[in-house]
Amino acid sequence: MRYCIVLLATVFVAAMPARDGSIVFAGEIGHFNPGVVNIRDYVMPDPGLYGALYNYVYTTGQLNDAHGNALDSVTLPSNRRPGRPGLTLKLDVHVDLYAAAPTIMWVSDWKVLGAKYAAYIVPTFANTSLGAAFSLETGRGINPSTSSFGLGDMYVQPLWLDWSREHFDVAVGGGFYAPTGKYDVNTVSLPLIGSTKVEAAQNICFGFWTEQTQVAGAWYPWAHKGTAVVLALTHEVNGQKRDYDLTPGQNLTFNWGVSQYVPLNPEKTLLLEVGPGGYDTWQVSHDTGSDAGTPNVLDQVHAVGGQLGLTYVPWSVLVNFHAFQEFAAQDRFQGEVFGLNLAKKF
């Protein structure tokens with residue numbers, strides 16, 4: 001499963017004025033979040049109706065530049081004095097995010113080209129707590145700390161096919177993210193910069209549509225499928241950002257994981273699930289448009305971690321916890337990911 005989880009950037013953090021004087025972020029983050037789902041969720045379960053609740057926490061105190069170095073300040077060029085420095089902001093980055101993604105999935109008994117067919121829908125809700133303390137070299141300060149709760153962008157996947165065999169699964173899916181969440185743009189006045197357009201700090205929506213395609217596979221060394229090696233590749237094509245002349249570049253994400261079931265009773269009705277996992281995300285095409293803040297920079301981030309869970313077979317219910325540590329981030333945040341996921345077949 002893939003979910004739209006909104007990872008917000010703070011207003012002004014590593015922002016650059018565009019040609020029209022508006023401020024846009026150093027890099028646009030894609031919709032697909034690789035640290036949300038369980039290892040085995042990239043391939044299809046048995047036919048039936050499923051409900052799930054994915055709980056996601058992201059925390060960081062680090063924003064990296066295009067070279068992977070942590071930023072402690074940023075200088076914005078002046079609109080009033082072209083070619084000269086205008087405003088220097090010293091950064092004390094602090095981002096904490098909680099998001100919930102309730103999911104409804106239907107896996108049919110149909111066969112399409114020999115594959116199982118499924119579809120699902122995922123609205124998201126985010127409670128953001130963003131804190132950033134900025135101080136000017138002149139001694140004046142800006143503190144845009146804010147928090148909000150509300151509806152995020154929604155993911156819809158009407159097409160998911162899975163070819164399942166004794167020792168492997170191969171899955172192909174296509175869907176889209178709709179900008180259904182809160183999104184506003186404000187005009188503010190800054191010393192030396194003047195009036196400029198910025199995204200509202202309370203935003204939960206990305207402000208653009210995204211088309212997503214994913215190919216995934218699982219290999220089971222034994223027929224009982226107690227061990228699974230899972231790989232997934234996800235590609236995003238983004239639309240133009242609302243209220244800006246900016247189309248974020250395409251993103252490619254590689255997820256990997258090894259899931260091992262361990263029976264906790266002789267009847268094998270209670271299963272422990274353990275395994276390592278990780279992800280790698282690359283921006284594979286440049287941001288375009290006159291409002292692109294860093295049109296010549298491609299962002300990336302990598303992470304490694306693991307999963308621990310329990311499955312109670314008679315009730316078809318499971319709970320999983322996972323954690324990831326990000327590293328080698330460029331032109332974006334670098335932080336820690338935690339998730340607690342519940343799912344049940346009805």
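Leu310 sits in strand 20 of what is a predicted model. With a relative accessible area of 36%, Leu310 is partly exposed. This leucine belongs to a nonpolar surface patch of about 820 Å². As for where the patch members come from, strand 3, strand 21 and strand 22 each give at least two residues. Strand 22 makes the largest contribution, with 3 residues.

Stepping back to the chain as a whole, the count of secondary structure elements is 22 strands and 0 helices. Of its 346 residues, 52% count as buried.

Next come the charged pairs. The structure has 3 salt bridges. One of them pairs Arg40 with Glu273, and their closest N and O atoms are 3.8 Å apart. Arg40 is in the loop between strand 2 (23-24) and strand 3 (48-60), while Glu273 is in strand 19 (residues 270-283), so this bridge ties together parts of the chain that are 233 residues apart in sequence. Both ends are tucked away from the surface by the numbers: Arg40 is buried at a relative accessible area of 17%, and Glu273 is buried at 3%. The cut-off for calling a residue buried is under 20%, so the 17% of Arg40 falls within it.

Another salt bridge joins Asp299 to Arg332, with 3.6 Å between the closest N and O atoms. Here two loops are involved: Asp299 lies in the one between strand 19 and strand 20 (300-312), and Arg332 in the one between strand 21 (317-330) and strand 22 (336-345), so the pair ties together parts that are 33 residues apart in sequence. Asp299 and Arg332 are both buried.

The bridge between Asp184 and Lys182 has an N to O distance of 3.2 Å. Its two residues are partly exposed: Asp184 has a relative accessible area of 34%, and Lys182 comes in at 40%.

Finally, there is Asp153, which can be found in the loop between strand 11 (146-151) and strand 12 (154-164). Asp153 is buried, and its relative accessible area is 0%. Another is the backbone nitrogen of Thr180, which the Asp153 side chain reaches at 3.3 Å. As for Ala126, the C-alpha atoms of Asp153 and Ala126 are 9.7 Å apart in space, and the two residues are separated by 27 positions in sequence.

How values were computed
Residues are numbered from 1 along each chain as its sequence is written. This is a predicted model: local features need pLDDT of at least 70, side-chain atom pairs count only at pLDDT 80 or more; totals for chains, interfaces and linings use all residues. Side-chain values use heavy atoms; hydrogens and water are left out. Helices (H or I, at least four residues) and strands (E, at least two) are DSSP runs, numbered from the N terminus. Buried means under 20% relative accessible area, exposed over 50%, partly exposed in between (1.4 Å probe, protein chains only). A polar contact is a pair of N or O atoms within 3.5 Å; within protein, one must be able to donate a hydrogen and the other to accept it, and residues adjacent in sequence count only if both atoms are side-chain atoms. A salt bridge is a side-chain nitrogen of Lys or Arg within 4 Å of a carboxyl oxygen of Asp or Glu. Patches are made of residues with over 30% relative accessible area and no salt bridge: like charges are joined within 9 Å, nonpolar side chains (Val, Leu, Ile, Met, Phe, Trp, Tyr) within 5 Å. Accessible areas come from the Shrake-Rupley method with a 1.4 Å probe; for residues, only the protein chains shown count as cover.
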